[in-house]
Amino acid sequence: MMSSYTMPRSLIALLMFAIICTAATSVQAAVSASLSEQIIDELETVRLTIRASQTRQTESLDLTALEIDFHVMGTNTSSQYSFVNGRERSWVDYQITLQPKRTGDLTIPSITVGQDATPTITLTVRPLTDETRQLIDELVFFEQDFSGEDVYVQGQLLITRRLLYSNGVQLYSDLPGAPEVDQAVVITLGDPVSSKVERNGQTYGVVEQRYAVFPELSGLLTIPPISLTASVRLINNGRVTRKGVRVGTEAASINVLPVPQEYPKDAAWIPAKDVQLHQVVTPDITEYKVGDTLEYELLVYVEGNLGSIAPPIPLNIDESTFRVYPQSPVIDDDPQRLGVVGSRLQTASVLPLQSGTHLIPESTLTWWDIDSKTVQVARWSPTRINVVGESVTNSAVVDKQTEATASETQPTDQTENADVSTSITAMNENVRDYLLILLALGAGLSVILLAIQRRNRTAHSEPGTSKAYYEAFNKLLKQGNADPKTLLEAVDRYLCAFYQVSPPLARRRFAEQHPAVEQALQTLNRAAYADPLMSDTQTQASDAEQAAATLASYLAKLPTKNERKEQDLPPLYPHQRAELAS
C-alpha cells in the first residue's frame, strides 16, 4: 500500500518567502551604482561606478542626462569573471569621472544598462571660499580679444585668444582649436605662440592663438565658448593640495554690418585694409616683334581678406591687335599673424599681330576701406607696347578677300571654271604656306629672343629710381629712430625697382639670398604691423633697426648690371611663377 506525505503549510510558506527574497536580491544586484565620495568641494571630481552583474556583455551607456549638472571627464569600462568551488560569477564595471557644474545637492539621474536602470544618487557639492576662488582665478585664465565690436559682411574679424598660467598649473587637455562659427569661414593664423608676461607683479606663461573669421551673412555673429581642464596647486595651512579646474571663455556676439549704401551697386564687394594692383609684361624690353610671345601678369593684392574675394579683372586687350591666350587664375591666401593677405594672379600669353605703338589701357578695381569706412579705387597705369615687323593681320585680310572674290566669281565655261578654281586654290595654298612659314619663323625667333631676354633680363640697365630708393633706405638707417613701417616700405620700393615685380614676389626673391634675409624680413614685418597695446614698442623698434641693418648688408651684395648671374633669372614658365607667388 502506498503512503502519501503532505508538506506542512508553514514549511511551504517559508520556502515561497525564500524564493521571493532570492529573486528580489537577484534583481537588486543586477545593476548597482555608487559614488567614490558623497560630499566634495567645488571644482573637485567624483567617480561614479555602475556595476552590471551576471553578465560579461558591455553596453553603450547614454550619459546625456548627466551633462545637465556635470562635466563628463572620462569613462572606463572593465569586465570580470570568476569560477570558484563550482560557483560562477561575472560582472561589468563602468567608471565615470564627473566634475560638478554648480554647488549644492545634485542628483545623479538613473542610467539605463541593458534592460535595467540604476537608482538615483544625491551628491553634495560644497562651495569654495571667496579667497580660494580668487586665488584659482589668478592662477590660470583665458583672455579673448576681437579686432572690433562689429565687422562688415565678408570682412575680416580677428580673434586673439590667450591662455595665461602661473607656476604649478598642469593642463589635462589640449588647447582648443579654431572656433566653429556658423555661416563663416575661419582661418588659423599660424601656430600657437608661447611667451611670458608680467601681470600685477606675477610672471605668467602665455600661449596665444589667433584666428581670422569671415562672416557670410549680416546680422548677429556668435563666437561659441571654449574650455579646457587643468590642475592647480594650492597651499592651505601649509598643506599642498591639487584641484582640477575648468577654464574657458564666454560666448561672444559680434554685429555683422551689411554692404554700405554708398558702395557702388555695380561693383564687386571687397572689404579690406588695402588693395593693390600690379602688372608685369615679360620679357621687359623696349620693342617687340610681330609674333613674339609675351607674358602679361596681373596681380591683385588684398590685405585683410581672402584671395577669392577679388573678382576676375578684364584685361582690356584689343584682340584685333593682339592674340590673347588667358590661363587659369592662381588664388592664394597667406595667413600671417596680423591677418590674411589674399592674392589673385591672372596670366595671359599675348601675341602682337600689328606693328606700331599699342596701349593696354588703364583698369580700376573698387573696394571698401574698413579702417576709414570709405570707397576706394585701386588702379594701374596703362602700358605701352612698341611692336615692329610686318603685320600678320594684313595677310589674313588679303587671304579673306581672295577667298571672298573666288566665291563670288562664277565662270560659265567649265574649263575656264576649272582653271580659275585651280588658280585660286593654288593661290590660297601659297598664301597659307606663306603664313605658316611666317608664323613658324616668328615663333622660332620669339623663342630665341625670349631666351635671350630671359638670360639678360636682370642685366638690363638699372631703373632710374632704383639707386634713389637704395640711397633713401640707407639715409633712413643713418638718421636712426625710423618707423619700422617706413623702413619696410623703403625696402619694398627698392626691391620692386630692382626685380621689376610686385612687392610679395620681390620679397620672396630677395629672401632666397640667405636664411638671414628671410628672418630679417619677418622681424621687420612684425615690427611694422605690431599692435602697440600688446607689444613692447622699444624692443620692437630695436629689433626693427637690427633687421634693417641686416637687410642693408645683403642689399649691398645684390649684383649690378654686369654681375647678375644665370641663377638670378626669373621662372621661365607661368606655372613656376604661380608656385613662386603662392
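These questions and answers explain how terms are applied to this predicted model.

Residues are numbered from 1 along each chain as its sequence is written, and side-chain values use heavy atoms, with hydrogens and water left out. In this predicted model, local features need pLDDT of at least 70 and side-chain atom pairs count only at pLDDT 80 or more, while totals for chains, interfaces and linings use all residues.

Q: What makes up the protein in terms of helices and strands?
A: The protein has ten helices and 31 strands. Helices (H or I, at least four residues) and strands (E, at least two) are DSSP runs, numbered from the N terminus.

Q: Why is leucine 123 called buried?
A: Buried means under 20% relative accessible area, exposed over 50%, and partly exposed in between (1.4 Å probe, protein chains only). Leucine 123 has a relative accessible area of 0%, so leucine 123 is buried. Leucine 123 lies in strand β9 (residues 121-126).

Q: Which residues are in contact with leucine 123, leaving aside its neighbours within four places in sequence?
A: Contact means heavy atoms within 4.5 Å. The partners of leucine 123 are Leu35, Glu37, Gln38, Ile39, Ile40, Val46, Phe70, Gly104, Asp105 and Leu106.

Q: How much of the protein counts as buried?
A: Of the 582 residues, 39% count as buried. Strand β24 (residues 294-303) is mostly covered, with nine of its ten residues buried.

Q: Which strands does β24 pair with?
A: Two strands pair if DSSP finds at least two bridges between them. Strand β22 (residues 274-282) and β24 pair in the antiparallel sense over nine bridges. Here glutamine 276 stands opposite tyrosine 301 in β24. β24 and strand β27 (residues 339-352) pair in the antiparallel sense over ten bridges. Valine 300 stands opposite arginine 344 in β27.

Q: What makes β23 and β28 edge strands?
A: Three strands form an open sheet in the order β23-β31-β28, with mixed pairing. β23 (288-289) and β28 (356-360) each pair on one side only. β23 and strand β31 (residues 383-388) pair in the parallel sense over two bridges.

Q: Why is α7 called oblique to α8?
A: The axes of helix α7 (residues 503-511) and helix α8 (residues 515-528) come within 8 Å and cross at roughly 140 degrees. That makes α7 oblique to α8. Angles under 35 degrees count as roughly parallel, over 145 as roughly antiparallel, 65 to 115 as roughly perpendicular and the rest as oblique. Axes are lines fitted to C-alpha atoms, for helices over the stretch in contact, and angles run from 0 to 180 degrees between N-to-C directions.

Q: Which residues make the contact of α7 with α8?
A: Arg507, Phe510 and Ala511 of α7 meet Val517, Glu518, Leu521 and Asn525 of α8.

Q: What makes the pair of tyrosine 263 and tryptophan 269 edge-to-face?
A: The structure holds seven aromatic pairs. In the pair of tyrosine 263 and tryptophan 269, the distance is 4.9 Å centre to centre, with 90 degrees between the planes. Rings of Phe, Tyr and Trp (its six-membered ring) pair if their centres lie within 6.5 Å; planes under 30 degrees apart count as stacked, over 60 as edge-to-face and the rest as tilted. The pair is therefore edge-to-face. Both tyrosine 263 and tryptophan 269 are buried.
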